[in-house]
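Please read the briefing below alongside the sequence and the coordinates, and take its points by topic.

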Number of protein chains: 2
Amino acid sequence: MEWNFKEICIVGLGLIGGSFALNLKLRGFPGKITAVDINPEAIEKGIELEVIDSGSIKHSIAESADLIVLSTPVGVYEEVLKQIKPFISNRAIVSDLGSVKGHLVYRCEEILKGIAPFVGGHPIAGTEKSGVENVVENLFEGAKFIITPTENTDREAMEKIANLWRNLGSEIVVMDPYHHDRVFAAVSHLPHVVAYSIVDAIDKLSKELSTNLFQLTGGGFRDFTRIAMSDPVMWRDICIENRENLLSALKTFRESIEKVEKLIEKSDGNGLKSFFEKAREKRRSVK
Amino acid sequence: MEWNFKEICIVGLGLIGGSFALNLKLRGFPGKITAVDINPEAIEKGIELEVIDSGSIKHSIAESADLIVLSTPVGVYEEVLKQIKPFISNRAIVSDLGSVKGHLVYRCEEILKGIAPFVGGHPIAGTEKSGVENVVENLFEGAKFIITPTENTDREAMEKIANLWRNLGSEIVVMDPYHHDRVFAAVSHLPHVVAYSIVDAIDKLSKELSTNLFQLTGGGFRDFTRIAMSDPVMWRDICIENRENLLSALKTFRESIEKVEKLIEKSDGNGLKSFFEKAREKRRSVK
């Protein structure tokens, strides 16, 4: 296994950044892994769990790294890059693990222009938990890792990042950054917003019915709303940074809801059966 | 363990009816278990899997049973009861496992008046699969079993049904039939309709983006939409039989969606964070 990097610095040590570090170690990455986080407890915990070798609340720790990976909520990328900029070595590549790409990738490139190549990345993996204490072994094994190059992307840097993720067991998918945001608005951001919203609705219905509905749920509901336990700050940032695409996906979803509502209003048994059958067939196509 | 019944006949041998039979056997029910199904293959499969002792496509098999349990889609209860009526013994109790109660319980009581006591029941358990070939061991262990008595319900019959489900490991919850339908419109019927609808929306978005979005989903999406693989006929009937309550739950849900849409439109970070935090807290209260 070729690793290409000697020291990797993770900026933002939460569940994803921490799992990235852990799985580098588990796969035999021979170099050093450091982290920066505004929360000193995350750093302490990361060292205690042997997920990272060392860490700091100061961005200067990144100066010896030849790979810097942003793993903060996407809303603070700009601020974080400005703070870390003075410490980026001239051998370093910068990459990220965020759920929004599009304009953000171009903004990162702009801030890093003349300093370091930037390679946008997004691992399609995670859990509803957060924090380095919830790191997951083999989280990226068999998962897709989306790389979103632009016309400016350094191809050699991109190949090194792709190779790193292949070493973690991921399948590399290359995608235009703007297309990425339309795709994940649909398959990830929309479901999360819907899950939070259904919990909100059931809370309102609990009050209307004077019944704690959350105590009367079954396994279907629990799986369905598991993602509503995801990190609110991370999802706030995703909603704002991918606003237009998410609103467009929500509009399409509302049309589907209105369609099924009309079928129920009319007690249209054939229409309902065929709507459900078609959805079941599509869902069954998911591996 | 006291069983109270000597012969139980299950009408409609699918995943729920079949799992009921299987778990009766696993818990040591010493009597006979029979089934009626319009599909002879379900009966054959049930016998082959040793889930039932015997079965038939003819309702006359119910004549020696002292408990008859409806486990068909709720839309055919009336027809099924009319067909089985001539064969109901004067010692028998009739119960059911359907997801809609309310007016249906009263309709069953009316059809069975002077023939047998009816006890409405609803096990809060299931999977997205269907068919007797997918029976699940211990499906009802630790699950709630809702009993929905009316002012006409025979209390002795009800106590026997409650005892039977306690023997299967379920926790008995007694609820007014109409209240049941409002509760389950919210916590079960709404999530199912939403799951089918989001799959419909993602299918439309796949076409818009010329990308098979179903191939780009992660674990969150898979869990979120698992219930969209549930049986279309069962869900068609539930939607129609619980129409008013479901439409009312859908209206409340659309208000939640519209609320979050407005927050996203305004890029209201604080509003989004607090919406997500509140939902996360509520969801975390689910055991």
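In this predicted model, E255(A) and K251(A) share helix α9 (residues 243-265) of chain A, where they sit 4 residues apart, about one turn of the helix. Their side chains meet in a salt bridge with an N to O distance of 3.4 Å, and E255(A), at 36% relative accessibility, counts as partly exposed.

**Salt bridges**

- Side chains of opposite charge can pair when their charged atoms come close.
- Over all chains, the count comes to 40 salt bridges.
- D223(B) belongs to helix α7 of chain B, while R226(A) is in the loop between α7 (219-225) and α8 (232-241) of chain A, so this pair joins two chains.
- The side chains of D223(B) and R226(A) meet at 2.8 Å, N to O; D223(B) is partly exposed at 23% relative accessibility, whereas R226(A) counts as buried because its value is 17%, under the 20% limit for that class.
- R226(A) also forms a salt bridge with E128(A), with the closest N and O atoms 2.5 Å apart.
- R243(A) pairs with E244(A) in a salt bridge whose closest N and O atoms are 2.9 Å apart; R243(A) is partly exposed, with a relative accessible area of 23%, and E244(A) counts as exposed at 53%.
- A network of salt bridges links E78(A), K82(A), R107(A) and E110(A).

**The two domains of chain A**

- Chain A is divided into domain 1 (7-175) and domain 2 (179-284), and the centres of these two domains, taken over C-alpha atoms, are separated by 30 Å.
- The contact between them draws on 17 residues from domain 1 of chain A and 17 residues from domain 2 of chain A.
- About 1,400 Å² is buried between domain 1 of chain A and domain 2 of chain A, with carbon and sulfur atoms giving 66% of that area.
- On the side of domain 1 of chain A, the residues that lose the most area to domain 2 of chain A are S99(A), E128(A) and M175(A), which together account for 41% of what that side buries.
- Between the two domains of chain A, the count is 1 salt bridge and 7 residue pairs in polar contact, both residues being at pLDDT 80 or more.
- Helix α4 (residues 102-112) of chain A gives the most to the side of domain 1 of chain A that touches domain 2 of chain A, with 3 residues, and the residues of that side divide into 8 nonpolar, 7 polar and 2 charged.

**The interface of chain B and chain A**

- The size of an interface is often given as the accessible area lost when the parts come together.
- Between chain B and chain A the buried area is about 8,100 Å², of which 71% comes from carbon and sulfur atoms, and 89 residues of chain B are in contact with 88 residues of chain A.
- Within chain B, L216(B), F276(B) and R283(B) lose the most area to chain A, although together they make up 9% of what that side buries.
- Across this interface of chain B and chain A there are 8 salt bridges, together with 21 residue pairs in polar contact, both residues being at pLDDT 80 or more.
- Several elements of chain B each supply at least two residues of the side that touches chain A, among them β8 (144-147), α7 (219-225) and α10 (269-284), while α6(B) gives the most, with 22 residues.
- By class, the side of chain B that touches chain A has 45 nonpolar, 16 polar and 28 charged residues.

**Individual residues**

- K101(B) lies in the loop between β5 (93-96) and α4 (102-112) of chain B, and it counts as buried at 1% relative accessibility.
- Not counting residues up to four places away in sequence, K101(B) touches a set of residues including D96(B), H122(B), H180(B) and D181(B).
- Most residues other than glycine have a negative phi.
- N4(A), in the segment before β1 (7-11) of chain A, has a positive phi near 65° and is partly exposed, with a relative accessible area of 31%.
- N138(B), in the loop between β7 (121-123) and β8 of chain B, likewise has a positive phi, near 55°, and is partly exposed at 42%.

How values were computed:
Residues are numbered from 1 along each chain as its sequence is written. Chains are lettered from A and ligands numbered from 1 in the order in which they are written. This is a predicted model: local features need pLDDT of at least 70, side-chain atom pairs count only at pLDDT 80 or more; totals for chains, interfaces and linings use all residues. Side-chain values use heavy atoms; hydrogens and water are left out. Domain bounds come from an automatic or database domain assignment. Contact means heavy atoms within 4.5 Å. Buried area is the accessible area (1.4 Å probe) that two parts lose on being put together, summed over both. A salt bridge is a side-chain nitrogen of Lys or Arg within 4 Å of a carboxyl oxygen of Asp or Glu. A polar contact is a pair of N or O atoms within 3.5 Å; within protein, one must be able to donate a hydrogen and the other to accept it, and residues adjacent in sequence count only if both atoms are side-chain atoms. Ala, Val, Leu, Ile, Met, Phe, Trp, Tyr, Cys and Pro count as nonpolar, Asp, Glu, Lys and Arg as charged, and the others, Gly among them, as polar. Buried means under 20% relative accessible area, exposed over 50%, partly exposed in between (1.4 Å probe, protein chains only).
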